[in-house]
Amino acid sequence: MTVASPTTPLGDQLVAAGLLTDVQLELARREEQRHGKRLSHIVVELGFVTPENLAEFLGRQAGSEAINLNLVSIDQAVLSLIHHDVAKRCLAIPVSRSNGTLTVALADPFDVRAVDILRQASGLGIEVVAAPERDILNCLELYYERGDTISQSIDKVLDERERQDRQSAQPLEEVLGRLANAEEDAPVIRLVRQIITRAVNNRASDIHFEPEDRMMRVRTRMDGVLCQDVLIPKAMQSAVITRMKILADLDLTETRVPQDGRANIIVGGREVNLRVSSLPTSHGENIVARILDPSGQILSLPALGFEPDVEEQFREIINRPYGVVLVTGPTGSGKTTTLYAVLQEVSTMEVSTFTLEDPIEYRMSLVRQTQIREEVGLTFSGGLRALLRQDPDIILVGETRDTETAQLMVRAALTGHLVFSTLHTNDAPGAIPRLLDMGVDAFLLPASLLAVLAQRLVRTLCLHCKEEVRDPEEVFAKSRVDIPENLPLRLWRGMGCRACGNSGYKGRIGIYELMTIDEGIHDPILHRASASEFLRLARERGMRTMFEDGLIKATRGQTTIEELLRVTRLAAK
């Protein structure tokens, strides 16, 4: 493949393509001169262009395809063709081989020097595809084994413990404590880092360090389900817990009460935040680390899984000038992701957008984001009161937790602000009784509340191994779910393969129910009707429930009936 050279500077090309403005380019060039980084890196770092859009643009300009490395499973034999050091230096990852040609993903498909290096290193012809730099760095850490494996790290910690025991009679806790806080190449430090890095690169949301009677179990939550990762010998439990507590700046001497802290680590060349919680149990302290990636991709509304009619209705609502829009669901149901997608849609140069969050999960341009800090008195209600003096047009309140926040939110909507927030309810109709129970005046709610969106996340079938079910009627009967009359009688299942870790699922998609507030619902609000009454009224107005939305996706081959029942937890009929 011949790699073309751009005829005009990259910045000017991005402006011509509408991906950058002249003002943004001026700032990016100033930062390029100050820090000596590539312009392509800076425009992504500043949030002017998404990594995916930049990779697609560069690939198009170079005559290459753009590839989503998150959907690719790379064979170890292909990786062995390019040494890790060479791949890292070239910001490249080998993807596949066909006869005498090696397909390689490059962050910069115009990098002729990198192509020459890769050709010499592999002895093969090079076919270039474009991919975001962030994804390439992730793959370099995920696929190439640098130094010890997790098993080797465990063996080294145990060997070190035995050596220390032979040299002195020091207590085991002291020995392992030093190992957990020693130099950067200490085995415990490498072990914990490997566990965290693997979880981040596998897109896990949480890591659980669980003490048991004879061992410590490590599990990671991927696509909403806990999966076994590694078993750690009981003798190492203290060192691993100590290392996690050091990372999160927790009190090492306190093991009797719960503690919470935060940690920042670098994975794949980017900063990842951890929210770390410790809890005393009968077998030792249980540690759970929630993984937050501020540089992660913010999805667009079309990518969230809305059905076209619901997306059109929701888009019309979020573009109104004032009112309250609530997103409801349990923890981990994707509420924050939906709200970030909404902000990306409505936050423009013409409006002032503020958020109150705990924690800030993604950084957004054109949005002033404030971290809630209850220990210093910065609560949601206090922050909202202060924020209203900042001349906002659009406000995101991360969570409606108390009466004062709910009342302030409603009053902000009545004074001309568009307010988005989350609420913990099981479905959309249940949000109205919940707000009334929190003390919101019934006569204010009809004039301020625009809509309630309830959602869950269901796992999507693996594209590599899904197959159509031969007897869908049997699946419906076994699940005790009525066969839908207005949908095709087709279902799929995942067989399990290497790409999905033999689970049959890879990734997640949302299922939704959108209840809009119109005049027909005003009187029931004033009379404090029950959630079942609001459900009846919403169904009369055409609202699909989350389960019905999920059935559409199941008959389309995106998920399964079993997964839908697991997430919605419907009682058997």
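**Entry 1. The second largest pocket**

I began with helix 4, which gives the largest share of the lining of the second largest pocket, 6 residues. I note at the outset that this is a predicted model. I then looked up the volume of the second largest pocket and found about 1500 Å³ of space. I recorded 48 residues in the lining of this pocket, and those closest to its centre are Val 44, Leu 46, Gly 47, Phe 48 and Val 49. I also listed the elements that give two or more residues to the lining: helix 2 (22-35), helix 3 (39-45), helix 4 (51-62), helix 8 (133-143), strand 8 (270-281) and helix 14 (335-346).

**Entry 2. The largest cavity**

I next asked how many cavities of 30 Å³ or more the structure holds. I found 1. The volume of the largest cavity is about 30 Å³. I noted the residues that line the largest cavity as Gln 407, Val 410, Arg 411, Gly 439, Val 440, Asp 441 and Leu 444. As a reminder to myself, rolling a probe the size of a water molecule over the atoms shows where empty space is left.

**Entry 3. Helix 15**

I turned to helix 15, which covers residues 380-387. Which of the residues of helix 15 are buried? I wrote down Phe 380, Ser 381, Gly 383, Leu 384 and Leu 387. Seen down the axis of helix 15, these buried residues fall within an arc of 165°, so they line one face of the helix. I then looked up what covers the buried residues of helix 15, and the list includes strand 11, strand 13 (394-397) and helix 16 (403-414).

**Entry 4. The loop between strand 11 and strand 12**

I located Glu 361 in the loop between strand 11 (353-357) and strand 12 (367-371). Glu 361 is buried yet has no salt bridge. I looked for the nearest side chain of opposite charge and found Arg 275, 5.2 Å away. A salt bridge requires the nitrogen and oxygen atoms to be within 4 Å. Leaving aside neighbours within four places in sequence, I found Glu 361 in contact with Leu 292, Asp 293, Pro 294, Thr 336 and Tyr 340.

Pro 359 is found in the loop between strand 11 and strand 12. I noted that a cis peptide bond joins Asp 358 and Pro 359, with omega at about 0°. I also recorded Asp 358 in a network of salt bridges that links it with Arg 262, Glu 374, Glu 399 and Arg 401.

**Entry 5. Positive phi values**

I recalled the background to this entry: most residues other than glycine have a negative phi, and most peptide bonds are trans. I then examined two residues with a positive phi.

Asp 223 has a phi near 55°, a positive value in a residue other than glycine. I placed Asp 223 in the loop between strand 5 (215-222) and strand 6 (225-233). Its relative accessible area is 23%, and Asp 223 is therefore partly exposed.

Arg 480 is not a glycine, and I noted for it a positive phi of about 55°. I placed Arg 480 in the loop between helix 19 (472-479) and strand 17 (492-494).

**Entry 6. Salt bridges**

How many salt bridges does the structure hold? I recorded 36, and I looked up several of the pairs.

The salt bridge of Glu 212 is with Arg 217, where the closest N and O atoms are 2.8 Å apart. Glu 212 is partly exposed, with a relative accessible area of 25%.

Arg 256 pairs with Glu 254 in a salt bridge, and I noted 3.2 Å between the closest N and O atoms. Arg 256 is exposed, with a relative accessible area of 69%, whereas Glu 254 counts as buried at 16% relative accessibility.

I ended with Glu 533, which forms a salt bridge with Arg 536, the closest N and O atoms being 2.5 Å apart. These residues are 3 residues apart in helix 21 (residues 531-540), so Glu 533 and Arg 536 are separated by about one helical turn. Glu 533 is partly exposed at a relative accessible area of 26%, and Arg 536 is partly exposed at 39%.

Technical notes:
Residues numbered from 1 in each chain as written. Predicted model: local features only at pLDDT ≥ 70, side-chain atom pairs only at ≥ 80, totals over all residues. Heavy atoms only, no water. Helix = DSSP H or I, 4+ residues; strand = E, 2+ residues; numbered from the N terminus. Buried < 20%, exposed > 50% of the residue type's maximum accessible area, 1.4 Å probe, protein only. Lys, Arg positive; Asp, Glu negative; His and termini not counted. Contact = heavy atoms within 4.5 Å. Arc of directions from axis to C-beta. 1 Å grid on protein atoms, 1.4 Å probe; cavity = no way out; pocket = protein on both sides within 12 Å on 5 of 7 lines; lining within 4 Å. Points joined across faces, edges and corners; volume = space filled by probe spheres on them.
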